[in-house]
Every structure is written in C-alpha cells, then in structure tokens.
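Subject: Structure handover

Hello,

Here is the structure for your files. My notes follow below it.

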Amino acid sequence: MNDSGASRLALLRFLERVQERDLSRTRRWIADEERREAERRVGEARRPSAPEWLIECGLDRSNIAAVHTGECWDTGKRSRPATRAQAIEALRRQVPACSKCRPDTALGIEA
C-alpha cells in the first residue's frame, strides 16, 4: 500500500472536521443543560412555600373532615391551606385530628 503524505493529511483534516462538529454538538448540549438547570432553579425559587396547616373538607366542602400538618402525606384531594388559628379553631370544634401527622400534638392541644 502506498501511503502518500497528501492522503494522510486529507484524512487528518477530515478527522479534525468530525471532531470539531462533535465538540460543537457537545457544547450545545452543555448550554442546553445549563439553561434547563437555571430554569429549574428559578422555578424552585418561585414555588410558594408549603402551608403549615391543612384542613381537609368533606364531599360538600362545607363539612371539615380532618386537620393536618402541612407535611402530612395522607391529606386527601380536598385539602386546603389553613392558618394556625383556623387549625386550632377546627380542633376545638371537635374536628378530628389526622392520626398520622397529629396536628393536635404539634399545636399543643389535648385531643
């Protein structure tokens, strides 16, 4: 096989173009990922904080089914944020406290 300098140089130039294209694509991927990460951080910063207390409503929304802490994992789909005063008032009106998160204990109220 005859290995001429021109064909070797042409192959090296071809390799250079391929590697530049690969590097350019990798840099685009990095820029895209940096943009997504920045958007995620902005989204987390704008997310409202979790409520401290939750009130779970009954089916007709006028009956209160239970009182929960904001971190409770068993709140149900009909829960709404509540203030500390609203949670205390609901517990004083004999609304059941969640047996999992025990908001009555967290509020210092005897059940």
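This is a predicted model: local features need pLDDT of at least 70, side-chain atom pairs count only at pLDDT 80 or more; totals for chains, interfaces and linings use all residues.

Residues are numbered from 1 along each chain as its sequence is written, and side-chain values use heavy atoms, with hydrogens and water left out.

Overall form. The chain has 3 helices and 3 strands, in the order α-β-β-β-α-α along the sequence. Helices (H or I, at least four residues) and strands (E, at least two) are DSSP runs, numbered from the N terminus. The radius of gyration is 31 Å, well over the 13 Å from the globule rule for 111 residues, so the chain is more spread out than a compact globule. That radius is taken over C-alpha atoms, and the rule is 2.2 Å times the number of residues to the power 0.38. Along the principal axes, the C-alpha atoms fill a box of roughly 95 × 25 × 25 Å. Among contacts (heavy atoms within 4.5 Å) with a separation of 6 or more, 44% join residues 24 or more positions apart.

Core. The largest nonpolar core has 11 residues: Trp 53, Ile 55, Val 67, Ala 82, Ala 87, Ile 88, Ala 90, Leu 91, Val 95, Leu 107 and Ile 109. Such a core is a set of buried Ala, Val, Leu, Ile, Met, Phe, Trp, Tyr and Cys residues joined through side-chain atoms within 4.5 Å. Strand β1 and helix α2 (84-92) each supply at least two residues of this core, and α2 gives the most, with 4 residues.

Trp 53 lies in strand β1 (residues 53-57) and is buried, at a relative accessible area of 5%. Leaving out residues up to four places away in sequence, Trp 53 touches several others, including His 68, Arg 80, Pro 81, Ala 87, Pro 103 and Leu 107. Trp 53 and Thr 75 are 22 residues apart in sequence, and their C-alpha atoms are 10 Å apart in space. Val 67, with neighbours within four places in sequence set aside, is in contact with residues including Leu 54, Ala 87, Ala 90, Leu 91, Val 95 and Cys 98.

Regards

How values were computed. Buried means under 20% relative accessible area, exposed over 50%, partly exposed in between (1.4 Å probe, protein chains only).
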